Amino acid sequence: MTTVHDGEPGAVATTASRPRGAHPLLTFLAKRVAVTAGLLLGVTVVTFGLVNVVPGDPVTANLSDQALNDPAAVAAFREKWGLDQPLWAQYLHYLGNLLHGDLGHSQQTGRAVLDDLLHYVPATLELALPSMVLALLIGTGVGMLAAVRNGRFTDQLVRVGALLGLSTPPFWLSLVVLYVFFYQLGLAPSGGRLSTDFSPPPTVTGMYTVDGALAGQWDVAWDAAQHLSLPVLVLTSLTVAMLVRFVRSAMLEVLQQDYIRAAYAKGLPTRVVLRRHLLRAGLVPVVTVSGLAFASLLSGTVLVESIFGWPGVGQYAYRSATALDLPAILGVSLFVALVYTLVNLTVDLLYGLIDPRIRLS
Amino acid sequence: MAPLLDVDSLAVTLPSPRGPLPILHDVSLTVDEGELVGIAGESGCGKSLTAQTLLGLLPPGAAVTGSARYAGTELLSLDARGWQRVRGAGIAMVFQDPSAALHPMLTVGRQLTEHMRVHLRMDRRAAGRRAVELLDQVRIPDPERALRAYPHQFSGGMRQRVAIAIALAARPRLLIADEPTTALDVTVQAGILALLERLRAETGLAVAFITHDLGVLSALTTRGYIFYAGRVVETGPTGGLLTAPNHPYTAALLGARPHGTQTGGTLRPIPGAPPAPGEAPPGCPFQPRCGYAEPSCGEAPPPLTPVGADRSVACVVRPHLEVAA
C-alpha cells in the first residue's frame, strides 16, 4: 500500500512494503473456509436437536395406518433408519457419513439426499438466477431514477409501486399471474418445468434451458423457458419491490455527498455523473441487500414453487419437514447454510472490488 | 476592461416547508482576470450559496434574480448544456473538505482526466500527460504513481492539492475556493494558500476565496467583500478593510478575532446571533447587534454606497470605528 505524506512540497512518497507471506486474499479465504466448516457443524447439531424435540414421530409420519398396527413393521422401520439407537449415536453416525460425503437417504423419496438435492437445486437455481439478474437490473435502474427525481411524480410512483409489491402476498400474485397469462391470455403454461411432449434434455447443469441449448435441443430449451416465465415474473417483481427501496435510499444518500456536487461542478454531463459517480458509490449497500435476496431465492420459495408445481428446494424442504424426514431436513439445512455463507463471501469479495478503501486495508 | 465575473443585484430564494426563504439579497461583486478576491463572513451568511449560484448548483426550486456575467456570458439564463460548458472549463470550484469532495472509489487519475477529455477533447494519452503536469504543478510527489492511487491514500493537505489540480484540469479562468483550508491543519493551510497565490501568479487564474478567517483574507487577497445575513455590507482593498473598517460589523469581526502574536488582549464576541434566513429585521440586518444603531437604521436595509475611491459600505450611521491593535 502506498501512502503519500504531506509536508514539504516535493517530499518523496514512501512505500510501506507488505510483509512477506501469504497473499492477504488467501489468508482471508482460508479463514472464511474454516468459519464455514464450523458453521455447518453447528447447523447439524441444531437441526438434529430441533427435529428430535418437536413433538411427532417419523414413524407415524411415514408409515401407513395399516403398517403402524404391525409392531414388526414399526420395529423394522426404526431399525432401518437407526431410530432405535440413542440420539448421540445417531448423530455421530450421521456425522461420520457426512465426512464421507454421504448425506443419508430420504425416508420420503427413498433416494440419497445428495441425489435429491442435485435434482431439486438446479430447478431452484434456474428460477433464482434469471429472477435475480432481472431484479438487480430493474431494481437498480428504477431505484436510481426515483432517487434522482426525489420527491417528484416519478419518485412517488416508484415508492407506491414498491410498497404495493412488498405488501402483495407471493401466493396471491402467483395466482393473479396464472389467471391473466395462462387462463385469460394463454401466453404461458400453468406450471411444471416442461410440457409433457418433451422429455428432459441430457443432464449437464440440471437447468433445462441451459441443458437444452447445450444439447442443441432448441425446442426443449424454448419450452423450458416458457415454463420459467411466470414464476420468474413473480419472483422478479417481489425482489424488485424489495430492492427499489434500498437502492433509492442508498442513492439518495450518495446524491447528498460533496463528490457528486464536485462531479457536476467539473462540467460532466449528467449521465456520466450518474453512471460513473453515483452508481459506483451506491453499489455497496445494494450488493448487501441483493446478496440476502439472492440467498433467500436460492433457499427456495415454498409458496411460489408449490403454485407453479416447480420441483425445487422449497418444495423439497416443505415435504421433508412435514414428514419429519430427518436426513432430508438436515440436507436442506446444510444446503441453505452453505448458500448463505457463499453468498456472504461473494458479497464481501464484491465490496473489495467496488471500494478500494476496503480492498487496500 | 470588463471584469471576468460581474455579479449584479443577485438575489436567491430557497424553498422551505414554511414557504420561500430569501437567502441572498442584492449581492453585487466583481472579480477581475488574475485577481485574488476574498469573500468573508460568518457561517450561514450566504458565502457558499453565492458559489453554488455561480456554478448553477442550487437545489431544485431555488429562485434567482439579478445578473451574473462570466466573461460576457449571462450565467443565470444558461440551460443545462450551457452550464456544462462553463463548469470546469470556465469556472471551477474547490470544496471545503477534500475528503468529501473526492470520489472515494475512483482513482485520482480518473477524476483528474475525465472532464479534461470532455472539455479539452483530449485523448487518453494527452489527458494523462497533462494530469502528470498538473500534479507536478501542485507539488504532488511521484505524479505517475499518484494517478493510480485513490484519495484515501493521501493526507488531508495532499488531497486538497489533488482537488485543486482537478479544478484546474480543464483550464478554468476563475477558481472559486470555498473555505479550502478550513478542514486542514494550520501548518498545511499555509502551503495551500501559497499554492493558490503561486497558481494565480503563474497562470493568471482569478480566484474567489471564500473564508470566515479574516487572517486568511488579509494574507492572501487584494480585495474583499464582507457578507452579513445574505448581503454585502462592506467592500474594498483588503488592507484598508482590515485596518480601517467602515462598517460596525467588520470592526466587530476584527475585535472578535484572536491575535496570534499578542497575549493579554481581550476577545470581544459580538453580542447576539445573526438573524436566521427570513427573520432579518426590516432595516439594517446588523442593527439589533450593533452598538452604534440609530432609529433610522430600522427603516430600510442601507444600500452599498461608495466611500472614497475604491471602497463601499452599507451603513447609514458611519460611526468613527476604533480597531483594537
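A residue is called buried here when its relative accessible area is under 20%, exposed when that area is over 50%, and partly exposed in between (1.4 Å probe, protein chains only). Helices (H or I, at least four residues) and strands (E, at least two) are DSSP runs, numbered from the N terminus. The structure is a predicted model, in which local features need pLDDT of at least 70 and side-chain atom pairs count only at pLDDT 80 or more, while totals for chains, interfaces and linings use all residues. Residues are numbered from 1 along each chain as its sequence is written, chains are lettered from A and ligands numbered from 1 in the order in which they are written, and side-chain values use heavy atoms, with hydrogens and water left out.

Strand E7 of chain B, residues 174-178, is a covered element: 5 of its 5 residues are buried. In a regular strand the side chains alternate between the two faces of the sheet. On E7(B), one side carries Leu174(B), Ile176(B) and Asp178(B), the other carries Leu175(B) and Ala177(B), and all of these are buried.

E7(B) has strand partners, two strands being paired if DSSP finds at least two bridges between them. Strand E6 of chain B (residues 91-94) pairs with E7(B) in the parallel sense, over 4 bridges; in this pair Ala92(B) is bridged to Leu175(B). Strand E8 of chain B (residues 206-211) also runs parallel to E7(B) and is joined to it by 5 bridges, and here the partner of Leu175(B) is Val207(B). Between E7(B) and E8(B) the unit includes helix H8 of chain B (residues 186-203), and the three make a right-handed β-α-β unit. Right-handed means that, with the strands pointing away from the viewer, the path from the first strand over the helix to the second runs clockwise.

Another sheet of chain B is open and antiparallel, with 4 strands in the order E2-E1-E4-E5. Strand E2 (21-31) and strand E5 (73-74) of chain B are at its edges; each has a single partner strand, so one side of each lacks a neighbour in the sheet. Strand E1 of chain B (residues 5-14) is antiparallel to E4(B), with 7 bridges, and Asp6(B) is bridged to Arg69(B). Strand E4 of chain B (residues 63-70) is joined to E5(B) by 2 antiparallel bridges, with Tyr70(B) facing Thr73(B) as bridge partner. The hairpin of E4(B) and E5(B) has 2 residues between the strands, and Ala71(B) takes a positive phi near 45° there.

Helix H11 of chain B (residues 248-255) is mostly covered, with 7 of its 8 residues buried.

The remaining topic is the interface. Chain B contributes 36 residues to the contact and chain A 35 residues. The two chains bury about 3,200 Å² between them, 60% of it on carbon and sulfur atoms; buried area is the accessible area (1.4 Å probe) that two parts lose on being put together, summed over both. Between chain B and chain A there are 2 salt bridges, each a side-chain nitrogen of Lys or Arg within 4 Å of a carboxyl oxygen of Asp or Glu. Glu114(B) forms a salt bridge with Lys266(A), their closest N and O atoms being 2.8 Å apart. On the side of chain B that touches chain A, E6, helix H3 (98-101), helix H4 (108-119) and helix H7 (156-168) of chain B each supply at least two residues. H4(B) gives the most to that side, with 6 residues.

Notes:
Contact means heavy atoms within 4.5 Å.
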